[in-house]
Amino acid sequence: MVRNQAKSSDTIGGLAAAAGVGVETVRYYQRRGLLPEPARPPGEVRRYGEEDVKRLKFIRSAQAAGFTLNEIKELIDLDSSDDRARARELAEARVAAIDEKIAELRLARDALAALATACAKKRRGPCPILGAFEAK
């Protein structure tokens, strides 16, 4: 391997560290078809480059935005086809799911705030908060 190539490539451990994930996460993404597995030269280890780091960071960012691994695979595939309509459709679906989750969290927050207020007002008997979470 040329010395310049060695500096711009890394082992799976280096790739994982550069993206802030574990080696097993990298292998899992490879099995799922999200990240290519480079060829292994005879007698050497596989080497990963900057594009692999970018792809791994893309996967992690998309996960943080709430996309499933299947959706991320589709987004990666869409990148080569430039199907903006489908990419937009996936993003809009994710926004709708996030909005739904926000509504659920608001309801849960309001219910818990009401229980906390009831607990503060009630001086005797069982705590309304504890009572609300008991199995019925």
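Biologist: Before we start, what pLDDT do local features need here?
Modeller: This is a predicted model, where side-chain atom pairs count only at pLDDT 80 or more, totals for chains, interfaces and linings use all residues, and local features need pLDDT of at least 70. Residues are numbered from 1 along each chain as its sequence is written, and side-chain values use heavy atoms, with hydrogens and water left out.

Biologist: Let's take α2 and α4; at what angle do they pack?
Modeller: Helices here are DSSP runs (H or I, at least four residues; strands are E, at least two), numbered from the N terminus. Axes are lines fitted to C-alpha atoms, for helices over the stretch in contact, and angles run from 0 to 180 degrees between N-to-C directions. Helix α2 covers residues 12-19 and helix α4 residues 50-64, and with their axes 9 Å apart they pack at about 45 degrees.

Biologist: Which word describes how α2 sits relative to α4?
Modeller: Under 35 degrees counts as roughly parallel, over 145 as roughly antiparallel, 65 to 115 as roughly perpendicular and the rest as oblique. With an angle of about 45 degrees, α2 is oblique to α4.

Biologist: Which residues of α4 make the contact with α2?
Modeller: Contact means heavy atoms within 4.5 Å. From α2 come Leu15, Ala18 and Ala19, and from α4 come Asp52, Val53, Leu56 and Lys57.

Biologist: And how many nonpolar residues does the contact of α2 with α4 have?
Modeller: Ala, Val, Leu, Ile, Met, Phe, Trp, Tyr, Cys and Pro count as nonpolar, Asp, Glu, Lys and Arg as charged, and the others, Gly among them, as polar. By those classes the contact of α2 with α4 has two charged residues, no polar ones and nonpolar ones numbering five.

Biologist: Are α2 and α3 roughly parallel or roughly perpendicular?
Modeller: Their axes come within 8 Å and cross at roughly 100 degrees. α2 and α3 are therefore roughly perpendicular.

Biologist: Which residues of α3 touch α2 there?
Modeller: The contact divides into five nonpolar, two polar and one charged residue. On the α2 side are Ile12, Gly13, Leu15 and Ala16, and on the α3 side Val23, Val26, Arg27 and Gln30.

Biologist: Why do the buried residues of α3 line one face of the helix?
Modeller: Buried means under 20% relative accessible area, exposed over 50% and partly exposed in between (1.4 Å probe, protein chains only). Helix α3 spans residues 23-31, and its buried residues are Val26, Tyr29 and Gln30. The arc is that of the directions from the helix axis to the C-beta atoms. Seen down the axis of α3, the buried residues line one face because they fall within an arc of 105 degrees.

Biologist: What is the relative accessible area of Gln30?
Modeller: Gln30 sits in helix α3. Leaving aside neighbours within four places in sequence, Gln30 is in contact with Ile12, Leu35, Pro36, Glu37, Pro38 and Tyr48. Gln30 is buried, and its relative accessible area is 13%.

Biologist: Which residue after α3 has a positive phi?
Modeller: Just after α2, Gly20 takes a positive phi of about 75 degrees. After α3, with a positive phi near 80 degrees, comes Gly33.

Biologist: Are α5 and α6 roughly parallel or roughly antiparallel?
Modeller: Helix α6 covers residues 84-121, and its axis comes within 10 Å of that of α5, crossing at roughly 155 degrees. α5 and α6 are therefore roughly antiparallel.

Biologist: Is Leu78 buried or exposed?
Modeller: Leu78 is found in helix α5. Leaving aside neighbours within four places in sequence, Leu78 is in contact with Asp83, Arg86, Ala87 and Leu90. At 11% relative accessibility, Leu78 counts as buried.

Biologist: How many Å apart in space are Gly66 and Ala91, C-alpha to C-alpha?
Modeller: Gly66 lies in the loop between α4 and α5, and with a relative accessible area of 30% Gly66 is partly exposed. Gly66 and Ala91 are 25 residues apart in sequence, and in space their C-alpha to C-alpha distance is 9.9 Å.
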